[in-house]
Structure formats: structure tokens, C-alpha cells
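I opened the notebook to follow a few contacts through one fold. Sequence and structure go in first.

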Amino acid sequence: MLRPDTLLAPASTFANPSRRQLLGAGMGLALSGVAGLAALPARAADGKYPARPITLVVPFPPGGSVDVMARQYTEPLGRILGVPIVIDNKPGAGGSIGTQFVARSKADGYTLIASSQSSHLANPLVQPNLGYDPIKDFENIAMMGRQPNVLLVHPSVPAKTFAEFVAYLKAQGGQVNFASAGAGSMGQLNAEAFLLATGTRAVHIPYRGGSPHVTAVLANEVQFIFDNLVTFLPHIQAGKLRALAVASPARIAQLPDVPTFAELGHPSLNQTSWTGIAAPAGTPEAVVQALHKAIRTVATEPAMVENLKTRGVIPPEEMSPAAFEKMMSERLVSYGEVVRRANIKPE
């Protein structure tokens, strides 16, 4: 049995290593002959990658957090690669429909997926017969950004601090409600991890989508939520919700008085969400590396860094495709334990 305070600690082992992990140090030598990104438009004229527009599938409706993040990258990424990047929204089944579409697409670098913890973590752990594997069926190329998560309560809850809220939950004996965007969503997984780590109980009330569960906590239909900060920041700043802790490497500039979970003695809960870009498994290594380099170039441009920070998003750190996939594999293990212990089931 895992101790609560280590529930989400990175696992020391994970799924079978990918081809990229096995290649490891030899990757740089294998790619030493690949021309730099500045030469890509000229190479396109010679029939080299990329030679035509690239489709970036967003497996959610327009306007959601993944869609917004993807659209921040399309123009600068297209500028660097020398071809247009076209967004194609394919929503449905919590992101599974569009993700499965990309998994089955031709592995040539022209059909990519805007990946997230919903499509590449929560769904694979909770949904049976999903139709794709987040590791085996994709080349997980790079992160576009990390999103802090926040534990927040309705102002009617008497607890003013994290410790007071834990005590409040214990005193209520499981008679407190929390919301998520759906059964098996990351909002539920994060909240269940919090309950397991603190030895508390509460009732999960799933809603169908992001907007309804936001409305529910604002209306005090539920008393707390543990979800993406970007969605709730305006309501916190307006005093309509009270933030008790953030999952972030450091305190958030917009909420300087709200401690991180690590500061509160729960580093296992200090997990940010992520949004990335992936390609179908089998995409040529040179294409994967060209895309990785282009995405990293965009992510480190001063204008993009400022844009992300303004939106409450943490600019992504340098992480190779192999390291990105390793992180994903470790989270599949740790959150898989949450799913098992909390007996989380799909709708």
C-alpha cells in the first residue's frame, strides 16, 4: 500500500521503453546530417519535409483550453517550418475520437495531435477499449505549455486555509461535494488524489463538460473543485471562489498569497497539467526532431513566453521526446494507482 504522501511520486519503472529511449545518446549523431530549420522551406521545394500544409488535430471543441493553446502555436510554428499549420477540431468522447483518428493516420508528419492529460492520461486509464495507446501509438514530440491546477472552495465554506479545509472535510464525514467535468476526467483524478493523500472523503458530482462544472461551484451546488487554474483565475480574482493551494513549481504571480502543495507538505499533489504535440507512431525520426526543434523555438520566443505567462500558463522546459514520453509513462503509473484505489469508473 502506498503512503498517501507518496501517492503521485514518479514511478521508478514504466512501460516498455520506446524506440527513441533505446536509441538514446545515438540520436544526436543519427540526426547530425539533418539540415537546420532555417533551411526547411528550401528543402520543401526539393520534396523534403515539410512540403505541404500540416494539420494539427484538436480533439476538443473550439474555445477550450487545448484549442486555445494550439492556436497560440500555429502561426509562429508555421512561420518557422515554412508551411501553414491548419487546425482541425475533431471533438467527441472526451477527446478520444480525434486522438484515435490521429493514431490511425499516416505517419508522415502531416497529421499531428494537440495532446493533453485528458486524451493521453485520463482517458487511457479510465475508458475501456479506447482504441489507442498513448505511448505505443504516438511519437510524443514536445510540450506547448504546463497549466497549474488549483484547489478552491466556495466562499460559504468556513475553511480559510488548506489545513482548515482538511479538518473541515474530516469533520463533515464525507458530506461535502466536489465537481469535475465528467467521470474519469482529470478534475476527478486530481480531487481523488487529494482525498487519498489527506485521508479525507467527499462526494463526486460529475458534470458534462467544463462550463457546467464551473457554474456548479460558483452556484454552491458543490463546495470544492481541483482543476485547471486558467479556467478559474478570473473567478478567484473576483472573490467568487477561494484558492487554498496551487499545483505549480512556484507560487503564481497572480496569486502570491496562495501556497503550493509542496509548501504544504504534499509534493505528490504538486503536478501541473500539460498540453503537447504528438504524431502517429512510426513517424520518421528526422521529422520528429525537426518538429521538436521548431516547437522548442516557438516556446522560447520572448513573445510566446510572455503570452503564456499572461494566460497563467507555465512555459515548457526543455524536454526531449524520450524524456517527455518517460514523464507520461510515470504519470500513467501513478495516476493509475489513484484510479484503482478510488475505484474510478467511466460514465
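I started at a strand pairing in this predicted model. Asn149 stands opposite Asn228 of strand S8. I then looked up how S5 and S8 are joined: they run antiparallel, with 5 bridges between them.

I checked burial in S8 next. 5 of its 5 residues are buried, so S8 is largely enclosed by the rest of the structure.

From Asn228 I moved on to helix H10. At the start of H10, a side-chain oxygen of Asn228 comes within 2.9 Å of the backbone nitrogen of Val230. Which residues of H10 are buried? I noted Leu229, Phe232, Leu233, His235 and Ile236, in a helix that spans residues 229–237. A reminder on spacing: an α-helix has 3.6 residues a turn, so residues three or four places apart point the same way.

I asked what covers the buried residues of H10. The cover includes strands S5 (149–153), S8 (224–228) and S9 (242–247), along with helix H9 (210–218). After H10 comes Gly239, and I read a positive phi there, near 80°.

Last entry: Arg146, which I found in strand S4, residues 138–147. Is Arg146 buried or exposed? Its relative accessibility is 10%, and the cut-off for buried is under 20%, so Arg146 counts as buried. I looked for a polar partner and found Glu317: the two side chains make a polar contact of 2.8 Å. Leaving aside neighbours within four places in sequence, Arg146 also has contacts with Thr272, Ser273, Trp274, Val313, Ile314, Met319 and Arg331, among others.

Definitions and conventions. Residues numbered from 1 in each chain as written. Predicted model: local features only at pLDDT ≥ 70, side-chain atom pairs only at ≥ 80, totals over all residues. Heavy atoms only, no water. Buried < 20%, exposed > 50% of the residue type's maximum accessible area, 1.4 Å probe, protein only. Helix = DSSP H or I, 4+ residues; strand = E, 2+ residues; numbered from the N terminus. Contact = heavy atoms within 4.5 Å. Polar contact = N/O pair within 3.5 Å; in protein donor to acceptor, adjacent residues only side chain to side chain. Pairing = 2+ DSSP bridges.
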